[in-house]
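Here is a friendly walk through one model, going from its sheet to its helix and then to some backbone details. Please keep the viewer open as you read.

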Amino acid sequence: MNSIIATHSHIDHIGSLSRFRQEYGTKIIAYEPDAQAIETGARVGAETYEVGYQPCPVDIHLEKAERCLRFGKYVLKIIHIPGHTKDSIAIYTDVASKRILFGQDVNGSYEAIWGGKPNQAITSLQKLMELKADILCEGHFGIYPPDAEVNKYIDDCLHQLQQRTRGLHERFLQLYHSRLYPTLLSSNYSTYLVNGKV
Ligand SMILES: [Zn+2]
């Protein structure tokens, strides 16, 4: 294998990079913020999985996420899609009039413990949908052709995220109001007192 592009620095995606590099001379390519984690082993989630991680030098640091890489006759386009992690990237390429999207972990998780930010992820998933890919290679859950399946898969994930952020927002509003109303009531009460109405 000539090259590997690391879409993000979670251990389940980068755990074997050093072995590939050592045994096959595979070039490791990563977006700069995640390249640091790959090279140092900091915050890759190894402790959470309770496994070891062998840090790995990155051969090509992508300083900007929004760019193209050429492999022979194929052009891979890299896009920044924060949300699963702060600096996740996705890759797409057009081959024989079909668009193939390597979407990384479209399905999540989007938990903070893994660097997730649901609000950012919503924007990123919308960006992935706009690509109108014909084939989605998802980070954990397989390959989805054709375009309608890709659209459905991403849209389902988007819908779940939207539900979740709405739920969080509603819980925030409940909490906010449960604290705010007594304050308002007591301040109204004080106002009434000042105006001599009580
Ligand atoms: Zn991940």
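In strand 3, which residue is the bridge partner of tyrosine 31? The partner is leucine 62. Before going on, please note that this is a predicted model, in which local features need pLDDT of at least 70 and side-chain atom pairs count only at pLDDT 80 or more, while totals for chains, interfaces and linings use all residues. Residues are numbered from 1 along each chain as its sequence is written.

**The sheet**

Three bridges join strand 2 (residues 27–31) to strand 3, and the two run parallel. They belong to an open sheet of three strands with the order 1-2-3 and parallel pairing. Its edge strands, each pairing on one side only, are strand 1 (3–6) and strand 3 (60–62). On average, neighbouring strands of this sheet are turned by 20° against each other, direction ignored. Two strands pair here if DSSP finds at least two bridges between them. Helices (H or I, at least four residues) and strands (E, at least two) are DSSP runs, numbered from the N terminus.

**Helix 3**

Helix 3 (residues 32–40) lies across strand 1, strand 2 and strand 3, running at about 130° to strand 2. Such angles run from 0 to 180 degrees between N-to-C directions, with axes fitted to C-alpha atoms, for helices over the stretch in contact. The buried residues of the helix are Asp34, Ala35, Ala37 and Ile38. Seen down the axis of helix 3, these fall within an arc of 160°, so they line one face of the helix; the arc is that of the directions from the helix axis to the C-beta atoms. Their cover includes helix 1 (11–14) and helix 2 (17–24), along with strands 1, 2 and 3. Just after helix 3, glycine 41 takes a positive phi of about 85°.

A residue is buried if 20 or more other C-beta atoms, placed from the backbone, lie within 10 Å of its own, exposed if 12 or fewer, and partly exposed in between.

**Backbone details**

Arginine 43 sits in the loop between helix 3 and helix 4 (46–49), and lysine 132 in the loop between helix 5 and strand 8 (135–138).

There are also cis peptide bonds to look at. One joins glycine 108 and serine 109, with omega about 15°; another joins proline 145 and proline 146, with omega about -10°.

Note on methods
Contact = placed C-beta atoms within 7 Å.
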